[in-house]
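Q: Could we go through this model together, taking one feature at a time and starting from the general idea in each case?

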Amino acid sequence: MSLIDFNLVEEKLVNNLIDIQSQIEKLQKQANEIKSKEFSSTVQEILAKMQAFGITVKDLQTAKPAKAGKAGRKAKVGAEKTPKAPKKSTAAVAPKFRGPNGETWSGRGLTPKWLAALIAQGQPKESFAINA
């Protein structure tokens, strides 16, 4: 590549850079104009809602920020939390079956391996029942 070709390429690059910077400047001005218009209309909407609901600036200053729920749902403004019902306590259930080595089973859930093995050997499950 000759020196003349290099100078032409360099000149084109500089011109492109100047054009791009000019476009960026125009776009930034447009963005600022749009933002200022949106700002004004948003403030007007907020003021209208404040008037409609009787909300004061003091209300806004003393309000606690709402927590976002699942999947970004908006929390309801002024909604009271309803108390949750207490969870049922899972009390231990008395054993109903006892194995030859002292193992116990309440009769709930899956049959334990020790009892399944004994049943597979032909022994009846009722023979391991604990008489209350």
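Q: Are Trp114 and Phe128 buried or exposed?

A: A residue is called buried when its relative accessible area is under 20%. In this structure, which is a predicted model, Trp114 and Phe128 are both buried.

Q: How many of the residues of the chain count as buried, and how much accessible surface does the chain have?

A: Of the 132 residues, 8% count as buried, while the accessible surface of the chain comes to about 12,600 Å², with 59% of that area belonging to carbon and sulfur atoms.

Q: Which elements does the chain contain, and in what order do they run?

A: The chain has three helices and two strands, and, read from the N terminus, their order is α-α-β-β-α. As for contacts with a separation of 6 or more, 26% of those in the chain are between residues 24 or more positions apart.

Q: Which residues make up the largest nonpolar core?

A: In soluble globular proteins, nonpolar side chains tend to be buried together. Here the largest nonpolar core consists of six residues, namely Phe97, Trp105, Trp114, Leu115, Leu118 and Phe128, and helix α3, which spans residues 113-120, gives the most to this core, with three residues. Leaving aside residues up to four places away in sequence, Phe128 touches Lys96, Phe97, Arg98, Gly99, Pro100, Leu115, Leu118 and Gln123.

Q: How many aromatic pairs are found in the whole structure, and what is the geometry of the one formed by Trp114 and Phe128?

A: The search finds two aromatic pairs. The pair of Trp114 and Phe128 is edge-to-face, at 6.4 Å centre to centre and with 85° between the planes. Because Trp114 lies in helix α3 and Phe128 in the segment after α3, the pair ties together parts that are 14 residues apart in sequence.

Q: Where does Phe39 lie, and which residues make a nonpolar surface patch with Phe39?

A: Phe39 lies in helix α1, residues 3-53, and together with Val43 and Leu47 makes a nonpolar surface patch of about 280 Å².

Q: Why does Phe39 count as exposed?

A: The cut-off for exposed is over 50% relative accessible area, and Phe39 counts as exposed because its relative accessibility is 59%.

Technical notes:
Residues numbered from 1 in each chain as written. Predicted model: local features only at pLDDT ≥ 70, side-chain atom pairs only at ≥ 80, totals over all residues. Heavy atoms only, no water. Helix = DSSP H or I, 4+ residues; strand = E, 2+ residues; numbered from the N terminus. Buried < 20%, exposed > 50% of the residue type's maximum accessible area, 1.4 Å probe, protein only. Contact = heavy atoms within 4.5 Å. Areas by Shrake-Rupley, 256 points an atom, 1.4 Å probe, with all protein chains shown as cover. Core = buried A, V, L, I, M, F, W, Y, C linked by side-chain atoms within 4.5 Å. Phe/Tyr/Trp six-rings, centres within 6.5 Å; stacked < 30°, edge-to-face > 60°. Patch = residues over 30% accessible without salt bridge, like charges linked within 9 Å, V, L, I, M, F, W, Y side chains within 5 Å. Salt bridge = Lys/Arg side-chain N within 4 Å of Asp/Glu carboxyl O.
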